[in-house]
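This briefing goes through one structure, topic by topic. Look at the sequence and the model first, then read on.

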Amino acid sequence: MKLLTHNMLSCHIKGVKNGYPFKIDPVKIEEMDADYDPDFLRHIYPRLEWPALREAAQVMGEPNLPEEVTESMLQNDEEFLRHFHHALLELILEEGALVCPETGRRFPVHKGVPNLLLHEDEV
Amino acid sequence: MGATDTHLGATGCADTQLADRAASSEGASTSGREYLAYFLHRHLDFRLPELESLIEYEDKNASFSWRKPFGGCIYSPFWYLTLPSDGFARQLCSRSMLLKGCFEVWGEGATWEELQHAVNAYPEHQKLPWLASDMTMKVIVDGWGRVIQQPEQLQYLKKLEFIPFKNPVKLAAPQVTFRLIVSNCYSDHGMPAEVPKRFYFTRQVSLCSHRDVIAQYGLPQRVYLGPTSMDTEMAFIMCNQAKVRKGHLVFDPFAGTGSILIAAAHLGAHTLGSDIDIRVLRDGKTASDGQAVDNWSNFEVYKLQRPVGLIRADVHRSPFRSNLEEVLDAVVCDPPYGVRAGGRKSQSIPERQIRDREKHISATAPYFLGECLRDLLHMSAKLLRLGGRLVYFLPAAPEVYREEEVPQHPALQLVANSEQVLSTKFSRRLITMEKVKPYSASDAEAYHEEQGDPRMAIDMLPSLIYEPRPIINGRKAPPNRALNGHTNRSKFC
């Protein structure tokens with residue numbers, strides 16, 4: 001699972017109000033090259049929760065995302081865009097867990113696939 | 001297929017070199033030019049929608065128009081299509097799965113005399129640039145509906161000498177290819193007999209090349225697949241309907257063994273998949289050579305970009321954050337509909353005591369199609385960007401299908417609905433919808449309230465498909481095969 005996916009998911013246990021973002025408990029992280037496409041980064045940026053991506057990236061070993069992102073950084077700050085790209089699309093949570101920030105429920109990630117199916121007492 | 005080519009393999013001429021010549025023969029016309037859109041005899045109901053989607057993919061504002069095939073049979077492969085330019089036609093040919101190619105018709109007719117007359121009457125300034133002595137050429141005799149043997153082909157080539165060719169002949173990679181199409185259909189070949197006998201003499205603008213992906217990603221060689229893996233040709237048709245392109249984010253909520261995502265990834269999209277069945281999605285299986293294979297294996301073997309995520313989740317209980325909107329460019333999927341693999345969803349049992357959450361296996365309940373499609377449309381309406389597309393298969397037994405049953409949503413507009421006949425009792429329809437309005441939760445709710453319970457006749461599909469046949473004289477009656485003459489099609493589909 002890449003961090004783009006992490007950015008979109010939340011804990012949906014019945015009654016949970018603050019199920020976003022999942023905390024990442026990494027056991028095995030992989031890095032894999034992805035095609036660098038700044039247009040995609042500019043397109044996807046406004047749809048992201050930036051603080052959640054920044055925090056997740058830190059846990060996953062990319063500490064270089066800034067707190068604030070400006071339009072000019074998105075347009076022509078190559079160094080920033082490279083870090084953004086790396087965080088969003090090249091870091092892969094292979095083993096570990098996604099942890100609900102409210103309940104602490106652990107959703108295991110095995111072979112890169114998070115298991116978000118709820119149990120029958122959580123639906 | 002009924003078509004035979006005499007000289008296969010020499011297609012791509014040097015496009016750039018020809019651009020100038022094409023421009024000069026196009027003249028100053030800005031309203032476009034009419035081409036023969038010569039289709040393959042496959043997935044007949046899908047052919048026009050696919051091409052229209054690709055026209056929009058090229059240029060949302062491109063003006064184009066169809067003219068019906070001569071004789072009016074809509075299943076004829078010989079449609080006329082007006083497009084902005086030769087270059088535009090070539091672009092379509094680079095992505096279409098169901099078009100054979102685009103051709104400039106110099107003349108056509110029911111008899112050879114008519115053809116000859118028409119070609120002679122075709123404007124000189126359109127013809128002469130292509131007949132020059134500095135332009136290498138080849139001529140193909142292409143029989144549709146009937147094989148034309150070589151001696152007969154040579155006779156046709158001889159008869160074409162009324163055209164003042166000055167070109168040197170070059171069979172491999174000529175600069176211009178002419179194609180004499182001879183439509184001459186036997187009625188008992190499963191081809192539509194209503195397609196009239198006819199000659200077309202054409203200049204080949206472009207042949208379609210994209211079908212190579214069928215061999216490249218063929219299911220027989222795929223390392224990981226399952227019984228419901230989408231066939232490669234159809235997966236690419238679906239991606240064309242969805243206008244998938246490089247840099248798109250494409251989601252398949254019923255990803256299974258990932259065949260649709262593979263096609264989308266080949267086209268350069270970022271892919272995301274989910275499925276409720278974790279064995280298929282994550283665990284994979286052991287191949288015959290003892291090696292463990294799973295969804296990731298395919299992406300590795302094909303050297304495609306890894307999906308941004310494969311997640312085990314339930315469409316009925318969307319795993320996405322509630323403020324996520326307008327993030328996907330396309331949703332492309334084949335929902336579970338209970339003939340081979342029925343749908344499941346999460347089940348609520350509030351009093352259930354769960355000892356070990358890490359190991360617990362969740363209970364699931366049946367997921368009926370009506371409910372499943374309502375969730376799919378709702379999720380798509382929310383997560384697609386404006387202009388993004390939802391493309392999915394709707395099972396439809398011809399006996400119970402009613403057009404009103406195609407699910408609707410206030411934010412989504414129906415673009416295409418193409419039937420694929422699978423057996424006498426069962427077909428499926430590829431539904432294409434486009435997001436035309438921003439998502440509004442209150443609109444959606446009001447709409448669903450008004451529609452009531454999403455019940456579909458198709459939820460009775462298994463009983464319809466597996467209905468026992470009556471016993472006559474101690475033997476099962478033969479299955480009813482009379483279905484509007486559609487059975488022949490399956491040979492070609």
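Which strands of chain B does helix H3 (residues 86-93) lie across? Helix H3 of chain B lies across strand S1 (33-39), strand S3 (78-83), S4 and S7 of chain B. The helix runs at about 85° to S7(B). The model is a predicted one. The points below begin with the sheet under that helix, then turn to another sheet of chain B, to the interface with chain A, and to some local features of chain A.

- Seven strands of chain B form an open sheet with mixed pairing, in the order S2-S3-S1-S4-S7-S6-S5.
- Strand S2 (65-67) and strand S5 (137-144) of chain B are at the edges with a single partner strand each, so one side of each has no neighbour in the sheet.
- On average, neighbouring strands of this sheet are turned by 35° against each other, direction ignored.
- In general, the strands of a sheet pair through backbone hydrogen bonds, and the pairing is either parallel or antiparallel.
- Strand S4 (residues 99-109) and strand S7 (residues 198-207) of chain B are an antiparallel pair, with eight bridges.
- Within that pair, Phe103(B) has Gln204(B) in S7(B) as its bridge partner.

**Another sheet in chain B**

- Seven strands of chain B also form an open sheet in the order S12-S9-S8-S13-S16-S18-S17, again with mixed pairing.
- Its edge strands are S12 and strand S17 (412-421) of chain B, and each pairs on one side only.
- Neighbouring strands here are turned by 15° against each other on average, direction ignored.
- Strand S13 (residues 328-333) and strand S16 (residues 384-396) of chain B run parallel and are joined by five bridges.
- Opposite Cys333(B) stands Tyr392(B) in S16(B).
- Helix H12 (residues 369-383) of chain B packs on the sheet and touches S8, S13, S16, S17 and strand S18 (427-435) of chain B. The direction of helix H12 makes about 165° with that of S16(B).
- Helix H9 (residues 259-266) of chain B lies across strand S8 (249-252), strand S9 (270-275), S12 and S13 of chain B. Helix H9 runs at about 170° to S9(B).

**Where chain A meets chain B**

- The contact involves 40 residues of chain A and 47 residues of chain B.
- The size of an interface is often given as the accessible area lost when the parts come together.
- Here the two chains bury about 3,900 Å² between them, with 55% of it on carbon and sulfur atoms.
- On the side of chain A, Met8(A), Leu117(A) and Glu120(A) lose the most area to chain B, together 21% of what that side buries.
- The rule for polar contacts finds 29 residue pairs across this interface.
- Helix H1 (3-8), helix H2 (38-44), strand S2 (91-99), strand S3 (106-110) and strand S4 (113-114) of chain A each supply at least two residues of the side that touches chain B.
- H1(A) gives the most to that side, with four residues.
- By type, the residues of the side of chain A that touches chain B divide into 19 nonpolar, nine polar and twelve charged.

**Salt bridges**

- Side chains of opposite charge can pair when their charged atoms come close.
- The structure has 40 salt bridges over all chains, and the count between chain A and chain B is seven.
- One of these joins Glu49(A) to Arg321(B), with the closest N and O atoms 3.8 Å apart.
- Another joins the side chains of Glu94(A) and Arg306(B), at 3.6 Å from N to O. Glu94(A) is in strand S2 of chain A, and Arg306(B) is in the loop between helix H11 (295-301) and strand S12 (309-312) of chain B.

**Local features of chain A**

- Most residues other than glycine have a negative phi, and most peptide bonds are trans.
- Tyr20(A) and Pro21(A) are joined by a cis peptide bond, with omega about -10°. Pro21(A) is in the loop between H1 and strand S1 (23-31) of chain A.
- Lys111(A) is not a glycine, yet has a positive phi of about 50°. This residue lies in the loop between S3 and S4 of chain A.
- Tyr36(A) lies in the loop between S1 and H2 of chain A. The side chain of Tyr36(A) makes a polar contact with the side chain of Glu78(A), at 3.5 Å.

How values were computed
Residues numbered from 1 in each chain as written. Chains lettered and ligands numbered in written order. Predicted model: local features only at pLDDT ≥ 70, side-chain atom pairs only at ≥ 80, totals over all residues. Heavy atoms only, no water. Contact = heavy atoms within 4.5 Å. Buried area = accessible area lost by both parts, 1.4 Å probe. Salt bridge = Lys/Arg side-chain N within 4 Å of Asp/Glu carboxyl O. Polar contact = N/O pair within 3.5 Å; in protein donor to acceptor, adjacent residues only side chain to side chain. Nonpolar A, V, L, I, M, F, W, Y, C, P; charged D, E, K, R; others polar. Pairing = 2+ DSSP bridges. Axes fitted to C-alpha atoms, helices over the stretch in contact; angles between N-to-C directions.
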